[in-house]
Amino acid sequence: MSNFFGQLRQKLSKPILFGLYGAMGCLGAATLLGEPLLQLTKISPKVDQSPLAIVL
């Protein structure tokens, strides 16, 4: 595996590698932490609404 990254480092420039590693990190964090965090911070909609009247 380290041989693969060594070859990749030789062929690509540092900014491209930095972008690829950042994208992989964000994707990994989003898949592992995204849904649990959404469930913890989700706000239920309010059901209590007063009736509305339309006046023309």
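Q: Does glutamine 10 count as buried or exposed?
A: In this predicted model, local features need pLDDT of at least 70 and side-chain atom pairs count only at pLDDT 80 or more, while totals for chains, interfaces and linings use all residues. Residues are numbered from 1 along each chain as its sequence is written, and side-chain values use heavy atoms, without hydrogens and water. Glutamine 10 lies in helix α1, residues 2-11. Buried means under 20% relative accessible area, exposed over 50% and partly exposed in between (1.4 Å probe, protein chains only); with 71% relative accessibility, glutamine 10 therefore counts as exposed.

Q: How many helices and strands does the chain have?
A: Helices (H or I, at least four residues) and strands (E, at least two) are DSSP runs, numbered from the N terminus. On that basis the secondary structure comes to two helices and zero strands.

Q: Why is the chain described as more spread out than a compact globule?
A: The globule rule is 2.2 Å times the number of residues to the power 0.38, and the radius of gyration is taken over C-alpha atoms. The C-alpha atoms fill a box of roughly 70 × 30 × 10 Å along the principal axes. For 56 residues the rule gives 10 Å, and the chain is well over that because its radius of gyration is 24 Å.

Q: What percentage of the 56 residues counts as buried?
A: The accessible surface of the chain comes to about 5,800 Å², with 69% belonging to carbon and sulfur atoms. Of the 56 residues, the share that counts as buried is 2%.

Q: Does glycine 25 count as exposed or partly exposed?
A: Glycine 25 lies in helix α2, as does methionine 24, and this helix covers residues 14-41. The relative accessibility of glycine 25 is 42%, so glycine 25 counts as partly exposed.

Q: How far apart in space are leucine 52 and glycine 6, C-alpha to C-alpha?
A: Leucine 52 lies in the segment after α2 and, at 81% relative accessibility, counts as exposed. Leucine 52 and glycine 6 are 46 residues apart in sequence, and their C-alpha separation is 66 Å.

How values were computed
Areas by Shrake-Rupley, 256 points an atom, 1.4 Å probe, with all protein chains shown as cover.
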